[in-house]
Amino acid sequence: EMKEISSEIHHHIYYSLIPFTMKPTCLFIGRFQPFHIGHLMVIQGMIKVCSRIVIGIGSSDKQGTPENPFSVNDRKEMIQRALQEENIIPMFDVEFIELPDHAEDEVWTHMVFDTCGQIDKIWTGNEQTKICFEGKVEIQWIKEVPGFNGTEIRTLMKKGGYWEEKVPDVVASYIKQQKLV
């Protein structure tokens, strides 16, 4: 009888672990210039289906330009603050990697794999990123959330428009506190 119970417990433990081990390791690549509510919504979706989330900060070597105004450290800080505010950090396994640009797509793609190790799925809304990884790893295409577009938000920032409502509150506070706008 003891053997039967032990086998039943073993069976239960094994099957309760399956949903976790079946969940993929996911990489979300973005420039996050700035980190906005659309990005947050993607990560809120990822925590439901991924066991580990790697956030790849693209163009990490760029800052101080109209297209890439924020440094990689500022972007990482914005994302961390937003995810902590939502309790995604520390509740979930989230890690950050820096992904500098490279003129050769093939070299860049290899660098991404080398930097983040085993990845099962890449989440992107960038056509060029999709092309780089097609046929190499599963791709989760992200549709743009209407009203949340980095280019539009940067334009609003430049023109003194209402950009704050497009980013998480903690991100808006950080940007203002650091005088980044």
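1. Helices, as counted here, are DSSP runs of H or I with at least four residues, strands are runs of E with at least two, and both are numbered from the N terminus. On that basis the chain has 8 helices and 5 strands. The model is a predicted one. Along the sequence, the elements follow the order α-β-α-β-α-α-β-α-β-α-β-α-α.

2. The chain has 181 residues, of which 41% count as buried. Of the contacts between residues at least 6 apart in sequence, 64% join residues at least 24 apart.

3. The largest nonpolar core comprises 34 residues, and Phe35, Ile43, Met46, Ile55 and Leu83 have the most contacts inside it. Two or more residues come from each of β1 (25–30), α2 (37–49), β2 (52–58), α3 (72–85), α4 (88–91), β3 (94–99), α7 (150–159) and α8 (169–177). Another core, of 13 residues, lies apart from this one and includes Leu27, Ile29, Val112 and Cys116.

4. With neighbours within four places in sequence left aside, Ile43 is in contact with Phe28, Phe35, Ile53, Ile55, Leu83 and Ile88. Met46 belongs to helix α2 and is buried, because its relative accessibility is 0%. Beyond residues up to four places away in sequence, Met46 touches Cys26, Leu27, Phe28, Ile53 and Trp123. The C-alpha atoms of Met46 and Cys26 are 7.8 Å apart, although the two residues are separated by 20 residues in sequence.

5. A search of the whole structure finds 1 disulfide. This disulfide joins Cys26 to Cys50, with an S to S distance of 2.3 Å. The link of Cys26 and Cys50 is left-handed, with -90° about the S-S bond. Cys26 lies in strand β1 and Cys50 in the loop between α2 and β2, so the pair ties together parts that are 24 residues apart in sequence. Both Cys26 and Cys50 are buried. Cys116 is also buried, at a relative accessible area of 4%, and Cys132 counts as buried at 7%.

6. Helix α3 has 14 residues, which at 1.5 Å a residue should span 20 Å; its end C-alpha atoms are 20 Å apart, in agreement. The buried residues of α3 are Val72, Asp74, Arg75, Met78, Ile79, Ala82 and Leu83. Seen down the helix axis, these buried residues fall within an arc of 170°, so they line one face of α3. Asn73 and Glu85 are exposed on the other side. The buried residues of α3 pack against α2, β2, α4, β3 and α8. Asn87, which follows α3, has a positive phi near 60°.

7. Which residues of α5 are buried? They are Trp108, Thr109, Val112 and Cys116. These residues lie on the same side of α5, because they cover an arc of only 100° around the axis. The buried residues of α5 pack against β1, β2, β3 and α6 (127–133). Helix α5 itself covers residues 105–116 and reaches 17 Å from its first C-alpha to its last, close to the expected 16 Å. Gly117 follows α5 and has a positive phi, near 70°.

8. Most residues other than glycine have a negative phi, and most peptide bonds are trans. The peptide bond from Gln33 to Pro34 is cis, with omega near -5°, and Pro34 is placed in the loop between β1 and α2. Ile89 and Pro90 are also joined by a cis peptide bond, with omega about 10°; Pro90 is in helix α4. Phe32 has a positive phi, near 55°, and is found in the loop between β1 and α2. Phe32 is buried, with a relative accessible area of 1%. Lys179 has a positive phi near 55° as well. Lys179 is found in the segment after α8 and counts as exposed at 70% relative accessibility.

How values were computed
Residues are numbered from 1 along each chain as its sequence is written. This is a predicted model: local features need pLDDT of at least 70, side-chain atom pairs count only at pLDDT 80 or more; totals for chains, interfaces and linings use all residues. Side-chain values use heavy atoms; hydrogens and water are left out. A nonpolar core is a set of buried Ala, Val, Leu, Ile, Met, Phe, Trp, Tyr and Cys residues joined through side-chain atoms within 4.5 Å. Buried means under 20% relative accessible area, exposed over 50%, partly exposed in between (1.4 Å probe, protein chains only). Contact means heavy atoms within 4.5 Å. A disulfide is a pair of cysteine sulfur atoms within 2.5 Å. The expected span of a helix is 1.5 Å times one less than its number of residues. The arc is that of the directions from the helix axis to the C-beta atoms.
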